Amino acid sequence: MRVAAVVLAAGGSTRFGRSKQFALFQGDTFIKRIVAAAIEAGCAPVVVVTGEDSAQVTSELTGLTVSIAMNPRWSSGLGSSIVVGIRHAMNLAPDIDAALLLTCDQPFVTAAVLTQMIQLRLTSRKPIIASAYNETIGIPALFDRSCFPDLLQLKEDSGAKGIILERQHDVASFDFPAGEIDIDTAADYEKLDQPLPKTARG
């Protein structure tokens, strides 16, 4: 099964106060960590959707096997970046079987997590694999190519969670407690240096 990865890295990080794609964690930037995880998990192509920091993101990922997809309408919302990323992946590899939607602000997403999600797709035969954490389901999420039309029709300001919730009968949930940790603010980032609560350890 050929699985693409679409890394959504076009946001302006308004609440964080600076570009969180370049914040450091365990020796690497957030953006480099998630891209390296996708590559290690065997995803191909790995598409990184960028916005106003496109040049800096491209420079940061020098030497890694990625394809950059600039979203000129990045400020209009997450949905626009998902559309750009999925379309770019399909153009690069028309034969892909599925795509993983990833962000760079969930620091505990690793290659092992992504590999397990891909495996769950094979064993469950469900077209959507969504991460379960904090009594909800969301990304990282894997979508079979049969879901691509829905993803490509997303409104600019809508994420993929709406598709997951609308098609729950098509979803296999992947237990990923640490997925609840995403870095939206500087305070969130500072907490990364503190011991994780038991419920967040994955």
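Residues count as buried when their relative accessible area is under 20%, as exposed when it is over 50%, and as partly exposed in between (1.4 Å probe, protein chains only). The model is predicted: local features need pLDDT of at least 70, side-chain atom pairs count only at pLDDT 80 or more, and totals for chains, interfaces and linings use all residues. Numbering starts from 1 along each chain as its sequence is written, and side-chain values use heavy atoms, with hydrogens and water left out.

By this cut-off, F174 and F176 are both buried. Rings of Phe, Tyr and Trp (its six-membered ring) pair if their centres lie within 6.5 Å; planes under 30 degrees apart are stacked, over 60 edge-to-face, and the rest tilted. F25 and F30 pair edge-to-face, at 6.4 Å centre to centre and 70° between the planes. F25 is buried at 9% relative accessible area; F30 is buried at 2%. The F174 and F176 rings lie 6.3 Å apart at their centres, with planes at 40°, so this pair is tilted. Ring pairs also join F25, F30 and F108 into a cluster.

Nonpolar cores were also identified (buried Ala, Val, Leu, Ile, Met, Phe, Trp, Tyr and Cys residues joined through side-chain atoms within 4.5 Å). The largest holds 39 residues. I31, C43, L100 and L114 have the most contacts inside this core. Leaving aside neighbours within four places in sequence, L100 is in contact (heavy atoms within 4.5 Å) with residues including V3, V6, C43, L114 and M117.
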